[in-house]
Amino acid sequence: MHEMSLAVAVVDQVETAARSRGAIGVSSIELEVGELAGVVADALAFCFELACAGTVVEGAELITRTVPGTARCTPCAEVWPVGMPPCLLCPGCGAAADGLVSGRELQIREVRWADPEASREEAHQPITEES
Ligand SMILES: [Zn+2]
């Protein structure tokens with residue numbers, strides 16, 4: 001399952017960061033998940049519970065922020081929300097978008113450590129899944 005390997009990757013990365021800073025626990029992890037990244041938030045939350053059991057991450061709250069998918073048209077510089085299923089034709093001129101501006105993100109945005117000082121850390125780390 002995609003969500004399971006993702007959850008394991010998140011726990012691994014946070015665990016490594018926790019170890020390197022000597023953190024005793026994690027209070028929350030905020031993830032940025034693109035609308036088009038193909039991740040089901042509920043499934044991810046469920047897998048996260050399983051993946052963090054017995055680690056320093058156990059008990060952390062998983063916060064998932066959905067990033068809407070947007071695309072851009074080069075000729076008219078229009079940026080539009082692609083929606084679901086994604087519409088990749090420019091609403092202005094009908095040209096195909098050159099690509100997505102956002103919507104495929106999958107990254108750890110912020111980790112809040114359980115230790116009293118330095119309680120939050122901006123992470124912006126892409127989640128690297130082992131395939
Ligand atoms: Zn256009």
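Modeller: With the term nonpolar core: a set of buried Ala, Val, Leu, Ile, Met, Phe, Trp, Tyr and Cys residues joined through C-beta atoms within 7 Å. Buried means 20 or more other C-beta atoms within 10 Å of a residue's own, exposed means 12 or fewer, partly exposed in between, with C-beta atoms placed from the backbone. The model is predicted: local features need pLDDT of at least 70, side-chain atom pairs count only at pLDDT 80 or more, and totals for chains, interfaces and linings use all residues. Residues are numbered from 1 along each chain as its sequence is written.

Colleague: Which residues have the most contacts inside the largest nonpolar core?

Modeller: A7, V10, V11, V14, V26, I29 and F48, in a core of 23 residues. At least two residues each come from α1 (2-21), β1 (26-34), α2 (41-52) and β6 (106-113); helices (H or I, at least four residues) and strands (E, at least two) are DSSP runs, numbered from the N terminus. α1 gives the largest share, 6 residues.

Colleague: What is V14 in contact with, beyond its neighbours within four places in sequence?

Modeller: Contact means C-beta atoms, placed from the backbone, within 7 Å. V14 meets V26, I29, V57 and V111 in this way.

Colleague: Which residues of α1 are buried?

Modeller: L6, A7, V10, V11, V14 and A18. They lie on the same side of α1, because their arc around the axis is only 130 degrees, taken from the directions from the helix axis to the C-beta atoms. The face turned away from that buried side carries the exposed residues T16, R19 and S20.

Key. Two residues are in contact if their C-beta atoms, placed from the backbone, lie within 7 Å.
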